[in-house]
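Look at the aromatic side chains in this model.

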Amino acid sequence: MTDGQPAADAGALLAAIAARGDRDAFAALFDHFAPRVKGYLMRLGLPAAQAEELAQEAMLTVWRRAEQFDPATHGAAAWIFTIARNLRVDAVRRDRLVPRLDLMAEEPPPPPHADAAVEASQHGERVRAALASLPDEQAEVVRLSFFDDRPHAEIERALGIPLGTVKSRLRLAMARLRTLLDDMK
């Protein structure tokens with residue numbers, strides 16, 4: 001999975017891993033999700049080294065338990081991030097991370113630098129404007145897929161349109177957003 005492919009393809013990659021132990025599918029899934037899982041764990045307060053360790057453990061769990069993924073129940077991203085969150089909770093329970101978390105509870109995090117807050121706000125405004133510029137049909141599919149984390153099959157049923165149309169609208173929307181937001185990398 002590359003930056004050009006939507007995260008919604010993660011369900012298909014998980015199916016390939018579960019069905020035949022597809023290493024290429026896992027590599028694509030790992031390349032896409034491992035950095036995001038690490039960032040998520042760091043936002044939860046873990047130092048980079050521990051976040052990296054738990055992110056790799058989470059991805060290993062994804063490899064081992066891919067057959068347990070049920071796209072009818074939840075999206076692939078939600079499933080992967082739930083695994084990561086559960087591993088973090090388990091680590092805290094094992095007292096491996098308790099001292100660090102106790103220190104964090106006593107000291108509030110420093111406020112973001114003003115420049116970073118302004119930049120984040122501007123980025124958010126640009127993303128909202130880009131989403132608003134999409135045709136309603138495409139914007140709805142993006143919202144359901146990325147904000148509601150619904151699988152394509154569920155979007156198909158919710159909107160009453162063919163699966164191919166869901167995927168086409170999503171692909172067109174992502175291409176348009178990529179064009180509009182290309183300079184934000």
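This is a predicted model: local features need pLDDT of at least 70, side-chain atom pairs count only at pLDDT 80 or more; totals for chains, interfaces and linings use all residues.

Phe-33 does count as buried, at 2% relative accessibility.

## Phe-26 and Trp-63

Phe-26 is buried, with a relative accessible area of 18%. Trp-63 is partly exposed, at 27%.

## Geometry of the Phe-33/Phe-81 pair

The ring centres of Phe-33 and Phe-81 lie 6.3 Å apart. Their planes meet at 70 degrees, so the pair is edge-to-face. The cut-offs explain this: centres must lie within 6.5 Å, and planes over 60 degrees apart count as edge-to-face.

Where do the two residues sit? Phe-33 lies in helix H2, and Phe-81 lies in helix H4 (residues 76–93). The pair therefore ties together parts that are 48 residues apart in sequence.

## Aromatic pairs and the cluster

How many aromatic pairs are there by this rule? The count comes to 5. One of them joins Phe-26 and Trp-63. This pair is edge-to-face, with 5.2 Å centre to centre and 65 degrees between the planes. Phe-26 belongs to helix H2 (residues 23–43) and Trp-63 to helix H3 (residues 48–64), so the contact links parts 37 residues apart in sequence.

Phe-26 and Trp-63 also share one aromatic cluster with Phe-30.

Notes:
Residues are numbered from 1 along each chain as its sequence is written. Side-chain values use heavy atoms; hydrogens and water are left out. Rings of Phe, Tyr and Trp (its six-membered ring) pair if their centres lie within 6.5 Å; planes under 30 degrees apart count as stacked, over 60 as edge-to-face and the rest as tilted. Helices (H or I, at least four residues) and strands (E, at least two) are DSSP runs, numbered from the N terminus. Buried means under 20% relative accessible area, exposed over 50%, partly exposed in between (1.4 Å probe, protein chains only).
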